[in-house]
Amino acid sequence: MAEEVDVVVIGMGPGGEHVAGRLAEAGLRVVGVEAELVGSECPYWGCVPSKMMIRAGGLLAEARRIPGMAGAARVEPDWSPVASRIRDEATDDWNDQVAADRFRDKGGRLARGRGRLTGPRTVTVDGPGGGVFEAARGVVLATGTKPQIPPVPGLDAVPYWTNRDAIAATEPPGSLLVLGGGSIGVELAQVYGRFGTRVTVVEAMGSLLPADEPEAAALLTEVLAAEGITIRTDARATAARHDGDAFVLVLESGEELTADRLLVATGRRADLRDLGLETVGLDPAARWVRTDSRMRAADGLWAAGDVTGHGAFTHVAMYEAEIVAREILGEPGPGADYRALPRVTFTDPEIGAVGLTEGQARDRGLRVRTGLAQVPSSARGWIHKAGNQGVIKLVEDVDRGILVGATTAGPAGGEMLYGLAVAVQAEVPVETLRHMIYAYPTFHRGVEDALRDLVKGG
Ligand SMILES: Cc1cc2nc3c(=O)[nH]c(=O)nc-3n(C[C@H](O)[C@H](O)[C@H](O)COP(=O)(O)OP(=O)(O)OC[C@H]3O[C@@H](n4cnc5c(N)ncnc54)[C@H](O)[C@@H]3O)c2cc1C
Ligand SMILES: NC(=O)c1ccc[n+]([C@@H]2O[C@H](COP(=O)([O-])OP(=O)(O)OC[C@H]3O[C@@H](n4cnc5c(N)ncnc54)[C@H](O)[C@@H]3O)[C@@H](O)[C@H]2O)c1
């Protein structure tokens, strides 16, 4: 016999946790289904512990900048406080009791196990908290993503790391090969490098962070190389093996790269095969669960987070989850709008970006004007000196006279982004941006320089 509830949420990562908690607090009968840990990737193996690692690596880098600026400093990296902080403060030793209790305190019911659709508004959960649930209002899919492992011959037979192993490591490896120079690859490469690991990043495309502005990617490449990281772009691995203690990646050129560990960070993908999507008329072989702007995937079925393919970020998961919550509760509010989607890669320099890159804007047929400013040339960048590398790039849709994208790379690059995200979202005219006051001497005052360059270039 199926048990009747109001809503079943499959997957309790940041997206599922948000929508399930909101609906339970509103008094609905909500079942949250989770196969692993409530909270999932972000707090246990992603954003939070990786940013703790980055904070620690940043402290080392700042200390190394003291000579010539503030005296002398001897830096002795020690991974143990980082590992302890991740174990004790971030993850409770990968125990989700606090998160599970938080959901129950809101009135939700947690079903531990693997959920799948077995018909419209029907979910079967296999596991200790299992059962069959009829969801009167509907079902929310928030099942996230998993690492995408490329089909490199031999890779499936070697004990490579994914982000989970790199986050849970109790000591830094002597050497590390990082396959993939995207966000995970560059963030973790820099951290481990700062703790003394000899790091090589192998990226298939022509640059690191290939989805970002080339100016930002070039800057990051220069900084990482200066820190001693080896970067191989346009590099395709044709084989992988594990010889005794060492991992070997064979490149197309025949060159062999060797290290103590191999981290695979080549993107993430949704796994829709076992979710029973065919029982509601959707394609289980699809790459993502496609939704309308109200996050509706089918009648009585919504999706939120990584699984929708709009950007694998916690802020996207929570944004979409909030739309689903409003839809189910009948609350007014706008549908999803990704024009000003912000993203920050937390390297040093941080790479902030919002909206379209120049390339994306041109591909859409927009008439584009760009403006560029170098952070070291700004008053604050010059004052900052050591570690001041950065660049600000603006992308204008000339016909509308508004910014459609921006990149802010530099110290506090992620924080510099905020004003530009508002400008893109609210379509603030470039003329207005040019004639406002930028506090002196902030890093974001460099935006004024980039605006000047934009107008000059036009
Ligand atoms: C190393 C790393 C660093 C990151 N850093 C950042 C960052 O700084 N900022 C940022 O915004 N994002 C960051 N991200 C991305 C962020 O973690 C994800 O975008 C976010 O976790 C997505 O949330 P979600 O709810 O969509 O899915 P997930 O967090 O993937 O959660 C999905 C949950 O669903 C469960 N599940 C799946 N299928 C089933 C099923 N059939 N039944 C029951 N349960 C199921 C899974 O067990 C999982 O717990 C990072 C990711 C990684 C890996
Ligand atoms: N700061 C953040 O917000 C943050 C941090 C980490 C991760 N994330 C999220 O997690 C997602 C996954 O991160 P990711 O770094 O794994 O993916 P990614 O898509 O950012 O980068 C993957 C990289 O691997 C490269 N690649 C793919 N196949 C390859 C191969 N066979 N050989 C060499 N290179 C190959 C790609 O060209 C790409 O540059 C990100 O897209 C992002 O949305 C966000």
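Analyst: Let's start with a rule: two strands count as paired if DSSP finds at least two bridges between them. Keep in mind that we're looking at a predicted model.

User: Okay, how do you know that strand 18 and strand 19 are joined?

Analyst: Count the bridges. Strand 18 (residues 342–345) and strand 19 (residues 350–355) are joined by four bridges, and the rule asks for at least two, so they pair. The two strands run antiparallel. As one example of a bridge, Val344 has Gly352 of strand 19 as its partner. Together strand 18 and strand 19 make a hairpin, with four residues between them.

User: What makes strand 11 and strand 13 edge strands?

Analyst: Look at the order of the open sheet: it has three strands, arranged 11-12-13, with antiparallel pairing. Strand 11 (237–243) and strand 13 (256–259) each pair on one side only, and that's what makes them the edges. From one strand to the next, the twist averages 20°.

User: And how do you know that strand 11 pairs with strand 12?

Analyst: There are six bridges between strand 11 and strand 12 (residues 246–251). The cut-off is at least two, so this counts as a pair. The two run antiparallel, and Arg241 sits opposite Val248 in strand 12.

User: What is the angle between helix 3 and helix 4?

Analyst: It's about 145°, with the axes of helix 3 and helix 4 (residues 80–90) 10 Å apart. Their crossing is right-handed. Val48, Pro49, Met52, Met53 and Ala56 of helix 3 meet Val82, Arg85, Ile86 and Ala90 of helix 4.

User: Which of the residues in the contact of helix 3 with helix 4 is charged, and how do you know?

Analyst: The contact has eight nonpolar, no polar and one charged. Arg is on the charged list, so Arg85 in helix 4 is the one.

User: What surrounds ligand 1?

Analyst: There are 37 residues around ligand 1, and the closest are Gly11, Gly13, Ser40, Gly144 and Gly305. Elements that give two or more residues to this shell include helix 1, helix 3 and helix 9. By class, the shell has 15 nonpolar, 15 polar and seven charged residues.

User: And what makes up the shell around ligand 2?

Analyst: For ligand 2, the shell divides into 13 nonpolar, eight polar and four charged residues. In total, 25 residues surround ligand 2, with Pro150, Gly180, Gly182, Ile184 and Ala312 the closest. Helix 7 (183–194) and strand 18 each supply at least two residues, and helix 7 gives the largest share, four residues.

Key. Residues are numbered from 1 along each chain as its sequence is written. Chains are lettered from A and ligands numbered from 1 in the order in which they are written. This is a predicted model: local features need pLDDT of at least 70, side-chain atom pairs count only at pLDDT 80 or more; totals for chains, interfaces and linings use all residues. A residue is near a molecule or strand if its C-beta atom, placed from the backbone, lies within 6 Å of it. Axes are lines fitted to C-alpha atoms, for helices over the stretch in contact, and angles run from 0 to 180 degrees between N-to-C directions. A crossing is left-handed if the near helix is turned anticlockwise from the far one by less than a right angle, and right-handed if clockwise. Two residues are in contact if their C-beta atoms, placed from the backbone, lie within 7 Å.
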